[in-house]
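Take a look at the chain below. Turn it around before reading on.

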Amino acid sequence: MNTFTKHILLFSTLTAATSATFAAPSFSCCATDDSYQGRPDEHAPISVMGDHTHAKSGWMMSYRTMHMDMGGMRYGTDRVSSGDVFAESYSVTPESMSMDMHMLGLMYAPTDKLTLMLMANYIETEMDHRVLPMSAGMINNGSTKFTTETSGIGDVKLGGLYRFYLKENRKAHLGLSLSLPTGSIDEKDTTPGMGGPANRQLPAPMQLGSGTYDLLPSLTYVQQFDNWSYGAQANAIIRLESENDNGYRLGDVFGATTWVGSNLNEWVGINTGLNYTYTSKLKGSQDDINKTMGGNKTVTTAYESNTGGERLDAIFGINLYVPTGSLKGQRIAIDLRLPLWQDLNGYQLETDYALTLGWQMAF
Ligand SMILES: [Cu+2]
């Protein structure tokens with residue numbers, strides 16, 4: 001936990017320095033319904049979901065695209081090589097993975113206190129693997145490399161945000177969404193195995209959905225000052241079923257995020273934050289995934305011992321807001337998440353970065 005404490009201290013110093021450096025224009029303060037609208041820092045960094053509510057009869061459409069890159073394996077907090085993974089009797093190890101997610105969102109507020117949300121997404125993944133050279137002839141036509149890909153719609157989420165607290169420049173809301181198992185968990189691609197490469201079921205990290213109904217609760221607090229604001233959110237993903245149709249359920253997730261936003265002028269805001277995520281292990285055994293092959297283990301992603309862990313990310317973002325004119329109410333925002341620390345269970349790919357770009361239009 002020592003590293004963790006150091007990161008927290010570093011972050012506090014950074015954010016304090018940021019807010020002090022960027023003295024920005026004055027906005028009417030603060031979180032009463034009208035004056036709260038229309039500031040770049042009215043929204044959190046774009047990768048934070050369910051961060052804001054809308055005033056009665058307000059609508060918002062949004063599109064976000066997220067690109068995540070993972071490269072190199074880890075065991076706990078240590079980087080390991082493909083050779084290290086093979087030394088643990090695995091025949092195949094992932095080397096890198098990328099994920100692109102396109103998210104369409106709709107928000108509508110029937111009352112000042114309640115905002116309804118709907119989100120659908122489209123996911124594309126790609127994973128590069130290395131095969132134990134000694135086994136390559138037998139399971140992969142002699143090649144030590146292969147790549148798997150999947151794409152399709154993910155899990156649809158619907159729910160609401162309820163603002164239960166609003167006082168001067170402080171506000172808080174509770175969120176509750178249900179994730180429907182609309183994403184496929186039956187994605188296949190060509191992978192090595194006994195008898196050579198063939199179209200086979202892919203492990204859970206490459207699947208497009210959880211395969212279970214999941215509950216997504218959240219609690220968000222925001223305090224707003226003349227030129228800057230800060231917020232905090234706790235959220236979770238709780239799997240409502242003990243297993244999906246393929247004999248497993250993904251781990252539960254608990255997340256905590258804090259951010260500070262500062263307005264440089266009426267239409268540009270910068271923000272920075274920290275996100276901590278804990279994911280528990282996958283439960284159950286993945287059906288149709290081979291776990292032994294000629295006395296060796298197969299691929300690391302087939303085993304539940306190589307799932308779950310903790311991660312701390314730094315967030316750096318820019319929010320653009322159009323305050324007047326025909327494009328009034330539109331926002332474009334970008335943020336970058338960089339892991340400061342990751343402690344993964346077993347052997348897993350480490351995350352290098354996640355970049356999110358989004359467009360939002362309120363009407
Ligand atoms: Cu919104």
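The report goes from the whole chain to its cores and then to some strand pairs.

## The whole chain

This is a predicted model. The chain holds four helices and 19 strands. Of its 363 residues, 39% are buried.

Take the contacts between residues at least 6 apart in sequence: 70% of them join residues at least 24 apart.

## The nonpolar cores

In soluble globular proteins, nonpolar side chains tend to be buried together. Here the largest nonpolar core has 16 residues. Seven names stand out for touching the most other members: Met-73, Val-85, Tyr-90, Val-92, Met-97, Val-131 and Leu-349. Strand 1 (59-76), strand 3 (90-108), strand 4 (114-131) and strand 19 (330-362) each supply at least two residues of this core. Strand 3 gives the most, with three residues.

Which residues does Met-73 touch, not counting those up to four places away in sequence? They are Val-80, Val-85, Thr-93, Tyr-347, Gln-348 and Leu-349. Another core, of nine residues, lies apart from the largest one. Its members include Ala-44, Met-49, Tyr-230 and Ile-315.

## Strands side by side

Strand 3 also pairs with strand 17 (residues 296-299). The two run parallel and are joined by two bridges. Val-92 has Val-299 of strand 17 as its bridge partner.

Strand 17 has an antiparallel partner too: strand 16 (residues 292-293), again over two bridges. Thr-292 is bridged to Lys-297 in strand 17. Strands 16 and 17 form a hairpin, with two residues between them. Gly-294 sits in the turn and has a positive phi of about 55 degrees.

Note on methods. Residues numbered from 1 in each chain as written. Predicted model: local features only at pLDDT ≥ 70, side-chain atom pairs only at ≥ 80, totals over all residues. Buried ≥ 20, exposed ≤ 12 C-beta atoms within 10 Å, placed from the backbone. Contact = placed C-beta atoms within 7 Å. Core = buried A, V, L, I, M, F, W, Y, C linked by C-beta atoms within 7 Å. Pairing = 2+ DSSP bridges.
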